[in-house]
Amino acid sequence: MSDRGTEERLDARLNTFLEDRAEDAAARARTPEQVAAEIERWIRPGFRLGLRVSGMLRLAWLVMVGLLIMALLAWLISGGRLPSVVPTRIARIAIDLPLGGGDTEAAAIADGIKLAVDDSTGGTGRFQIEIPAASILSDLADGVLDAVTGAANVRRFVADADVVAVIGPFSSFIAQDEIPISHAAGLLQCSPANTDPGLTRLVGVGDRPTGTSAPSGVSYIRTVTTDDVAAAAAARYLHGPLGKTTALVLDDHQAFGVSMADWFSAEFTKLGGTVTSRGSLPDSDAALTTLLATARAQGPQSIYFGGSGKDGASVLKAAQRAGIGNLPFLGTDALHDGSGARAGSFLSLAGPGANRAFSFVPGLPGGPQFATFAARYRARYGADPTPFASAGYACVQVVIAALRHVDAGADAAVATLRDAVRVAGVDTATTFQTVLGPIAFDMRGDVMPSLATIYAYDPVAGDWAVAN
Amino acid sequence: MSWSGRASSAPIEAGDELVEADLVDFVRQHQPRLIRLAALVCHNIADADDAVQAGLEQAWRRRRTLRDPLKLSAWLDRIIVREAIRLDRRESSVIGRLFPGPREIHVGAIDLIDGVGSSVTGRDAIRVAFDRLSAPQRAVVALHLYAGHSMPETAEIVGVSLETARSRLRLARKRLRAELGEEVS
């Protein structure tokens, strides 16, 4: 289509959107009578300086202004600090993550969350935001992810009258057990890491679990996009910028890897691409090499693998032995498991063979606030923030923004306050300004825009870098 | 209800009538049109409400200074749009004070608004893309494409040169095209 045609189509869509948004605002705004009454109150004689007032009142104003100026000067001379609004109520944010088991990603998320609370400079006026140690719980049991422990953690948060929101969990299968509990309590829950689309949608793929978060009265939101989005992003990137029309697709037999390979194949086929071979990892490296050598005859221009970083490295090495190691190699965020310097990571195991590797992370790459956030994170923790750490920070920003907009008074009942925070947090009409950029949530609690970030191997840094 | 319908039905005030008008009638007459405009510049309805109230209050206080009653609508638009931009900047600055970062970093990412399994609709896509525009860009889009002001009128209302207004509209369109990708191509 021509540029002019594109512009006309854009304007047509824009006009429809502008009309809809304007009408929606008109329906939800205060009535003219309410606005007039409020203005009337403000312009009442004597309400503001500058209105016609009696001579005595004017004198009183002058005295007050003089005293204020003197107080200001005294404050400046003393090098004083800005007086803070005294919060009248604690607003506690609880954390549920697999902490204490050596999971560096979970620790990074917790660091991001704590930094966000510190950056909030203590509160939102009426509320003093805090995360005491007692509100940071691990969902590991004997070092293993445990949904029963996660559910028990959320019950403890619900029982704490000061908790207004929960951030976590990390794992989607734990979220399945936690969401019904937070939902029943009307407690806002924001996950920075749950990427299973089945938590909020019926995905209809095999026997994957379906969501428990009700479409009405949603209490669960997430600041990461979902796995199906990342898989489809890989298909679009392969078919678009990389210009490949055929792909060999493999999975690792696991539910996650199979689903990713299926979603990738579906999107790639929809775009007009061809999946030349579709298989699963065999038991041995020799069998894998044979499988790939056979697949080579089909003429694939690329390889997509759904599975872990370790298995991904095995596939890549077998592809080299089979003579197709120079093809673009695309994988899930599981490949994004550390730099080449980290022992056991995909990049360290794959070595130089990773020079045409791409990983697709379900998440937003960062907005205007990101650079400053990253610098502050590095200064405090000595490492770059991971994508999930940024998403954890964004969860706090959403909770704080929700607290700013709650109508409930600081002395409101627990259920009333929680519901007000929940309603403000899941409001589909609100755009939140976060380190991920402006984000919103759809009616299911999924973050918009639906973006996946594309990483390519940077041989100079020996690490993943955002693809250009 | 369309903007043009509102605009054409709004009578032009005579100077004396405006001075003597009843506040409630004044608000009733202008608030429905102005809230629609403000909502397109602000990020949320609360800010739009605040912008309209503050703008109408300003206008009411200064109504005696309006010499040309034929320009009442444009005058009100100017007050409300500038108030809406000011509020948006204030809103940004709350976080902006904490994170005074550079402009948005553009990195490789594919928008999958209509991606497989995605629940996001096209309307949501354009809403998010529109909200990613700066407030001054949204103001130019709203005044020109929605309210139907000519570009010279739009520039005057926003308080910038004609070239700046055109540049903002051009950049806004470019950015929306980039955000919406193939949906509009």
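Which order do the strands of the open sheet of three strands in chain A take, and is the pairing parallel or antiparallel?

Mentor: Keep in mind that this is a predicted model. The open sheet you mean runs β14-β15-β16 in chain A, and its pairing is antiparallel. The edge positions go to β14 (432–434) and β16 (447–448) of chain A; each has a single partner strand, so one side of each has no neighbour in the sheet. Zoom in on β14(A) and you'll find three bridges tying it to β15 (residues 437–441) of chain A, with the two strands running antiparallel. To pick out one pair, A:F432 has A:I439 in β15(A) as its bridge partner.

Helix α13 of chain A lies across β14 and β15 of chain A, and α13(A) runs at about 145 degrees to β14(A). The largest nonpolar core has 174 residues, and the members touching the most others are A:A234, A:V399, B:A38 and B:A48. Helix α13 (residues 387–405) of chain A supplies the largest share of this core, 13 residues. As a general point, nonpolar side chains in soluble globular proteins tend to be buried together. Take A:V399 as an example: leaving out residues up to four places away in sequence, A:V399 touches A:I93, A:A165, A:L188, A:C190 and A:G425.

Where pLDDT is low, the predicted coordinates should not be read in detail.

On to the other chain. Chain B has nine helices and one strand, in the pattern α-α-α-α-α-β-α-α-α-α along the sequence. Of its 185 residues, 45% count as buried. Among contacts in chain B between residues at least 6 apart in sequence, 70% join residues at least 24 apart.

B:P136 is buried, with 21 other C-beta atoms within 10 Å. Setting aside neighbours within four places in sequence, B:P136 is in contact with B:I85, B:V158 and B:R168. The C-alpha atoms of B:P136 and B:V81 are separated by 8.9 Å, though these residues are 55 apart along the chain.

Just after α8(B), B:G159 has a positive phi of about 85 degrees.

Confidence in chain B averages a pLDDT of 70, with 65% of the residues scoring at least 70. Among its elements, α7(B) has the highest mean pLDDT (91), while helix α1 (residues 3–9) of chain B has the lowest (31). The pLDDT is below 50 over residues 93–121 of chain B, a stretch with 81 contacts in the model beyond near neighbours in sequence. For the complex, the predictor gives an ipTM of 0.76 and a pTM of 0.59.

Technical notes. Residues are numbered from 1 along each chain as its sequence is written. Chains are lettered from A and ligands numbered from 1 in the order in which they are written. This is a predicted model: local features need pLDDT of at least 70, side-chain atom pairs count only at pLDDT 80 or more; totals for chains, interfaces and linings use all residues. A nonpolar core is a set of buried Ala, Val, Leu, Ile, Met, Phe, Trp, Tyr and Cys residues joined through C-beta atoms within 7 Å. A residue is buried if 20 or more other C-beta atoms lie within 10 Å of its own, exposed if 12 or fewer, and partly exposed in between; C-beta atoms are placed from the backbone. Helices (H or I, at least four residues) and strands (E, at least two) are DSSP runs, numbered from the N terminus. Two residues are in contact if their C-beta atoms, placed from the backbone, lie within 7 Å. Two strands pair if DSSP finds at least two bridges between them. Axes are lines fitted to C-alpha atoms, for helices over the stretch in contact, and angles run from 0 to 180 degrees between N-to-C directions. pLDDT is the predictor's confidence in each residue, from 0 to 100.
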